[in-house]
Amino acid sequence: MPSRAHQLLELGQSVWLDYIHRAQLASGEFTSLVRDSGVVGVTSNPTIFQQAIAEGKVYQGAIDAGVARHLEGEALFESLALDDIRTACDLLAPVFARTGGRDGRVSLEVAPRAAFDTHTTIADGRRLHREAGRPNVMIKVPATEAGLPAIAELTAEGVCVNITLIFSLDRYAQVIDAWLAGLERRVASRLDISEIFSVASFFVSRVDTKVDGAIEQRLKALPDGPERRELEGLRGQAAVANARLAYQKFRDAFGSARFAALRERGAHVQRPLWASTSTKNPAYPDTLYVDELIGSDTVNTMPPKTLQAFNDHGTLAVTIDRDLDQARRLFQRLPELGIPVNELIAQLEGEGVKTFAKSFDSLLETLEQSRQAAAGRMR
């Protein structure tokens with residue numbers, strides 16, 4: 001019997017693994033996940049690479065080889081990351097071919113230092129795309145204000161982008177506009193757009209973490225009564241509501257006359273990708289951010305534990321369109337109860353960039369220690 005993640009494909013949702021590790025790629029474990037567990041893509045980020053490279057000795061031989069080539073810092077990291085990305089791309093090549101480029105994708109992120117620098121983001125994205133040398137690679141570009149023109153430029157150049165760190169509905173609308181503008185520039189230049197694919201990574205669990213924290217602080221100042229009880233009942237709802245409203249923006253944008261003109265030239269929709277889907281609060285179901293966000297033309301990128309949990313006991317039903325009026329009311333009611341939900345969500349972009357930058361700095365520190373030890377052995 002096919003796994004639940006395999007069955008999600010029948011409901012229009014693809015499962016990408018939010019994890020990459022050289023040992024997993026080399027051992028056959030990753031191939032097993034593709035064959036048996038329904039994985040049809042991979043996403044990576046600085047935190048994932050930091051954890052992978054810091055664990056064990058599996059990267060030591062490659063670090064030694066990089067040191068012998070006089071690599072250090074970001075150059076050393078990129079040599080390691082690109083090897084893993086290429087390997088994952090090759091293992092997913094049959095999926096890429098079978099789905100016509102829709103899946104079988106592997107995402108590699110530009111360095112967090114570029115998040116607020118348009119020109120550096122474009123240059124890094126262009127270079128990483130070229131050096132990866134695989135048709136199924138996707139370059140992750142942050143959805144910062146500086147990232148928006150980079151999205152348009154890289155798309156116009158033919159780079160498939162995964163736009164990451166999207167939290168707010170307003171920013172998501174800007175991301176869609178930037179990507180469509182990139183396609184329109186290619187069309188104006190009489191270039192093909194039929195092989196351009198993109199996903200927009202809309203982060204989920206961090207929204208609940210942020211909003212629930214504000215709710216807890218507000219509850220400390222509220223006496224017992226109807227308002228307090230109402231607010232207590234609104235914990236754990238903002239993230240799913242936010243994503244469901246984002247999906248409506250997706251449907252509106254890609255059902256528009258603007259996109260219809262691009263579709264006639266071969267364009268594909270830019271699928272929403274639900275990211276940060278592991279449950280941070282142990283009081284919530286461990287498959288919450290999968291079960292509640294299933295729908296056509298979407299991707300859910302799951303860390304290994306979430307994938308395992310979903311395949312064990314996840315729910316198979318289209319849920320993305322449920323309770324939309326309730327989602328809208330939630331975003332109206334929370335501010336009335338003293339929770340500035342939109343302002344809180346807007347803060348998550350900068351916090352997300354800082355988190356990835358911290359992980360990247362830790363990664364470079366770990367690599368430097370390994371580089372110095374390798375250099376010492378070679379003397």
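Biologist: Is His70 buried or exposed?

Modeller: His70 is exposed, at 72% relative accessible area. Exposed means over 50%, buried under 20% and partly exposed in between, with a 1.4 Å probe and protein chains only. This is a predicted model, in which local features need pLDDT of at least 70, side-chain atom pairs count only at pLDDT 80 or more, and totals for chains, interfaces and linings use all residues. Residues are numbered from 1 along each chain as its sequence is written, and side-chain values use heavy atoms, without hydrogens and water.

Biologist: How should I read phi?

Modeller: Most residues other than glycine have a negative phi. His70 has a positive one, near 65°, and lies in the loop between helix 5 (60-68) and helix 6 (73-91). Helices are DSSP runs of H or I with at least four residues, numbered from the N terminus. Asp323 also has a positive phi, about 55°, and is partly exposed at 44%.

Biologist: And aromatic pairs?

Modeller: Such a pair is described by the distance of the ring centres and the angle of the planes. Rings of Phe, Tyr and Trp (its six-membered ring) pair if their centres lie within 6.5 Å; planes under 30 degrees apart are stacked, over 60 edge-to-face, the rest tilted. The count here is nine aromatic pairs. Phe49 and Phe77 are edge-to-face, because their centres are 5.5 Å apart and their planes at 80°. Phe49 is in helix 4 and Phe77 in helix 6, 28 residues apart.

Biologist: Which residues do ring pairs link into a cluster?

Modeller: Trp179, Tyr247, Phe250, Phe254 and Phe259.

Definitions and conventions:
Helix = DSSP H or I, 4+ residues; strand = E, 2+ residues; numbered from the N terminus.
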